[in-house]
Amino acid sequence: MTERQEQAASDAVLTRIGQCIMLHHAGDREEARVRFLDLWREIGEDGDPLHRCTLAHYMADTQDDPSDELAWDLRALSAAEELTDDRLAEHEGAPAARALYPSLHLNLAADYVKLGRCEAARSHLHRARGAADALADDTYGDGVRAAIHRMELRLGEGDASGPGEEPEGPSRRPF
């Protein structure tokens, strides 16, 4: 009974994170940021790594300052390092923990580009590329691989004959 209550509470937190994401995608960035911060205070620095990773990953998108965006993306990566496949398996359709790393490192590469720190960006791009073998051959995996290719081009590391079409205005968050 206690385990079932804990899982329901866990799902409630993910639902609330999802509601914040919808607010942000609907254009209410400030309200999303406020609600994310409230949730972060509830979850805490030592809370469930899945909650922290997911929240920090999306909270980064609501930041105005690239340094703040970087800080949230670093929190997401740190929380992902604590995640287990067993924890993710509790959520239908969730990828394996290692399949999150290409996106997380790619987001850090984008942050470092914004901050003019190209060597750090290249380092995370290389990590994203190295972790890409964990991606499935599906829409998510294709999107992350295409985003890696776009970052390679941006950093002068790729050629124009990469995977697929280059979509207009690519989303920063493949996960």
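1. Start with Leu-115, which sits in the loop between H6 and H7. Skipping neighbours within four places in sequence, Leu-115 is in contact with Pro-66, Ser-67 and Leu-70, where contact means heavy atoms within 4.5 Å. Its C-alpha is separated by 9.7 Å from that of Asp-65, 50 residues apart along the chain. Leu-115 counts as partly exposed at 29% relative accessibility; the scale is buried for under 20% relative accessible area, exposed for over 50%, and partly exposed in between, with a 1.4 Å probe and protein chains only. Helix labels here are DSSP runs of H or I of at least four residues (strands would be E, at least two), numbered from the N terminus.

2. Before going further, a word on the source: this is a predicted model, in which local features need pLDDT of at least 70 and side-chain atom pairs count only at pLDDT 80 or more, while totals for chains, interfaces and linings use all residues. Residues are numbered from 1 along each chain as its sequence is written, and side-chain values use heavy atoms, with hydrogens and water left out.

3. H6 covers residues 101–114, and its 14 residues reach 20 Å from first C-alpha to last, close to the 20 Å expected at 1.5 Å a residue (the expected span being 1.5 Å times one less than the number of residues). H6 is mostly covered, with 13 of its 14 residues buried. After H6 comes Gly-116, with a positive phi near 75°.

4. What does H6 pack against? One partner is H4 (residues 66–80): the two pack at an angle of about 160°, with axes 9 Å apart. Axes are lines fitted to C-alpha atoms, for helices over the stretch in contact, and angles run from 0 to 180 degrees between N-to-C directions. H4 and H6 are therefore roughly antiparallel; that label needs an angle over 145 degrees, whereas under 35 is roughly parallel, 65 to 115 roughly perpendicular and the rest oblique. H4 passes H6 in a left-handed crossing, i.e. the near helix is turned anticlockwise from the far one by less than a right angle (clockwise would be right-handed). On the H4 side the residues that meet H6 include Pro-66, Leu-70 and Leu-77, and on the H6 side they include Tyr-101, Leu-108 and Tyr-112.

5. H4 has another partner worth a look. The axes of H3 (residues 49–59) and H4 come within 8 Å and cross at roughly 155°, which makes H3 roughly antiparallel to H4. This crossing is left-handed too. Among the H3 residues making the contact are Arg-52, Leu-55 and Met-59, with Trp-72, Ala-76 and Ala-80 among those from H4.

6. Leu-37 belongs with that picture. It is found in helix H2 (residues 29–43), and, leaving aside neighbours within four places in sequence, Leu-37 is in contact with Met-59 and Trp-72. Leu-37 and Met-59 are 22 residues apart in sequence and 8.2 Å apart in space, C-alpha to C-alpha. Leu-37 is partly exposed, with a relative accessible area of 30%.

7. On to charges: the structure holds 14 salt bridges, each a side-chain nitrogen of Lys or Arg within 4 Å of a carboxyl oxygen of Asp or Glu. I'd check Arg-129 with Glu-152, where N to O is 2.6 Å. Glu-152 lies in H8 (residues 139–154) and Arg-129 in H7 (residues 118–131), so this pair ties together parts 23 residues apart in sequence. Glu-152 counts as buried at 13% relative accessibility, while Arg-129 is partly exposed at 33%.

8. Arg-129 also forms a salt bridge with Glu-157, the closest N and O atoms being 2.9 Å apart. Glu-157 lies in the segment after H8, so its pairing with Arg-129 in H7 ties together parts 28 residues apart in sequence. Glu-157 is partly exposed, at 30% relative accessibility. Which residues make up the network of salt bridges here? Glu-119, Arg-122, Arg-129, Glu-152 and Glu-157 are linked in it.

9. Last one: Asp-137 pairs with Arg-145 in a salt bridge, with the closest N and O atoms 3.5 Å apart. Asp-137 is exposed, with a relative accessible area of 76%, whereas Arg-145 counts as partly exposed at 22%.
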